[in-house]
Amino acid sequence: MKDNRYITEKDLGKNNEDSDLNYSDDDLMIIDSAKKLGTLNQMQINMNIIAICTEGKFEALLNGKPIKGKYGDIIICSPETQLTNIMISTDFVYVALCITNRALQQALRSYINIWNQVIYVQKKNIVHLTQQELNIYPKFYELIRSILKQKHDNIGMEYWQEIIKGLVSTTLIGLCGFIKQYTKNNPTKVKQNVSIFNQFLELLQTSEIKHHPVVYYASKLFISTKYLTVICKKNSGKTANDWIQEYTLNDITYYLRETNLTIKEISNKLGFPNTSFFGKYVKDHFHCTPIGYRQKK
């Protein structure tokens, strides 16, 4: 009988004979030839998963809707996704990147809107790569694997963790290029509520100061705060405030870790009333002071 339970990133991180976990930290996991998930009939995911099928095929229900994947397909699952009725071929193999929303935002930066468009607006979870793309995309995984092998073989690589994250960022940006072209060639009709949700994401993405109350964005879209929250929840499983917080925290991480701006300059740039309020916000979400978070770089 197949296991019929929910699975989280902690389950994915169990390094046993059925799952070859190559890399894991607080925000990122790289899994190579993980066959363990094929024994599950039902799973719930709370990381973003980008997997490429390298052999075989599979079928499942994703949030109640049927999906099929085969060799060369990229399967994309956002957090809180439910996969049920999972069926795989005996030769099914895949490699996957598992990444938190925070790390995904940091990796993609200005390209995050392409990701949100595909996952939350057009709701595409399977991307069919062309043969030309298949000649390129899997090589990202191969390069990452070769770097990981050097680490495992104790070959000196002082900055190997940063190299891995840099390669992951490159992989995801490359994927955004592929899926942007794919959605252009396979357009989807968008309902009105989805269109408004898309406008909200674009407004959030392009606003230099993102730390505004929900009413600010609702007024820009000429709708009520309640309707904006309902639309966000319906299309993404997250509230409008969740989205605002996610984008704000990403900006905080970027300016603290990637720039030399002072705490006061960052606080002012991101629209906080003063450094005390900014410091409390950082501590509430990152469990340390802005200086402490910067030093964790």
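A salt bridge here is a side-chain nitrogen of Lys or Arg within 4 Å of a carboxyl oxygen of Asp or Glu. What you have open is a predicted model, where local features need pLDDT of at least 70, side-chain atom pairs count only at pLDDT 80 or more, and totals for chains, interfaces and linings use all residues. Residues are numbered from 1 along each chain as its sequence is written, and side-chain values use heavy atoms, with hydrogens and water left out.

The structure holds 6 salt bridges; let's visit some of them.

Start by selecting Arg 109 and Asp 251: their side chains meet in a salt bridge, 3.8 Å from N to O. Arg 109 sits in the loop between helix H2 (101–108) and helix H3 (112–121), and Asp 251 in helix H10 (residues 240–258), so this pair ties together parts that are 142 residues apart in sequence. Helices are DSSP runs of H or I, at least four residues, numbered from the N terminus.

Lys 210 lies in the loop between helix H7 (192–206) and helix H8 (214–221), 41 residues from Asp 251. With all three selected, you're looking at a network of salt bridges linking Arg 109, Lys 210 and Asp 251.

Lys 210 and Asp 251 are both buried (under 20% relative accessible area; exposed is over 50%, partly exposed in between, with a 1.4 Å probe and protein chains only). Asp 251 comes in at 6%, while Arg 109 is partly exposed at 27%.

Last stop: Asp 73 and Lys 70, a salt bridge with closest N and O atoms 3.8 Å apart. Asp 73 is buried at 2%, and Lys 70 is partly exposed at 45%.

How values were computed:
Helix = DSSP H or I, 4+ residues; strand = E, 2+ residues; numbered from the N terminus.
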